Amino acid sequence: MKRGTGAPRRILIVDGYNVINVRKPVRESRGLEDARRALTDRLHDYAGWSGQSIVLVYDAWLSDRRQRSIEERGPLKVVFTMKGETADCYIERLCDELAEDVALRRVELRVATSDLVEQTIAFGRGAVRLSSRELLLEMDRAVSERGGRASSAGTRSVSVAERLPVDVRARLEEMRRGEY
């Protein structure tokens with residue numbers, strides 16, 4: 001994707017089960033499917049509010065899943081690895097693919113996991129390390145700030161067009177004018 005000289009694209013990669021397992025009460029009070037759904041919904045909201053793309057990776061290494069599945073929900077991409085593929089392996093490969101863009105400062109990459117080996121590998125690829133607890137605290141802070149700002153500044157509706165990348169908005173405007 002061709003980008004201008006603006007701010008780098010922000011991408012957060014999240015090791016899903018690692019984050020779920022940080023909060024023992026979540027694990028004990030809900031089934032795994034509910035915990036996944038709750039984290040997915042929470043990260044979807046956070047991605048929309050923070051303006052970054054998020055890749056949420058769930059490990060299906062021991063499952064019978066023959067293919068990797070990827071579900072895109074706006075700025076959130078949910079990945080279930082395939083049988084024999086760990087989430088760590090997928091995250092490392094994605095960091096490798098983005099390493100050049102990170103080095104050229106076209107992408108700001110962060111990886112959220114509490115796995116120290118994975119943090120070290122991600123850091124070696126130019127990503128910023130973030131523990132699962134730090135991610136949860138960051139999301140909690142974002143919710144607090146968003147709530148505080150909405151009540152003190154009034155609420156402002158954001159259109160779908162405002163959420164689109166600039167290049168997509170420009171292309172849609174060209175299409176609207178018949179300049180395509």
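**Packing around L135**

Leaving aside neighbours within four places in sequence, L135 is in contact (heavy atoms within 4.5 Å) with L12, V14, V19, L43, Y46, A112 and L130. This is a predicted model, where local features need pLDDT of at least 70 and side-chain atom pairs count only at pLDDT 80 or more, while totals for chains, interfaces and linings use all residues. Residues are numbered from 1 along each chain as its sequence is written, and side-chain values use heavy atoms, with hydrogens and water left out.

Now the core. A nonpolar core is a set of buried Ala, Val, Leu, Ile, Met, Phe, Trp, Tyr and Cys residues joined through side-chain atoms within 4.5 Å. Buried means under 20% relative accessible area, exposed over 50%, and partly exposed in between, with a 1.4 Å probe and protein chains only. The largest nonpolar core has 23 residues, and V14, L43 and L135 touch the most other members. At least two residues each come from β1 (9–15), α1 (16–20), α3 (32–50), β2 (53–58), β4 (76–80) and α6 (132–153). Of these, α3 gives the most, with five residues. Helices (H or I, at least four residues) and strands (E, at least two) are DSSP runs, numbered from the N terminus. Another core, of 17 residues, lies apart from this one and includes I11, I13, V111 and A127.

Last, the cysteines. How many disulfides does a search of the whole structure find? The search finds zero, a disulfide being a pair of cysteine sulfur atoms within 2.5 Å. C95 counts as buried because its relative accessibility is 1%, whereas C89, at 34%, counts as partly exposed.
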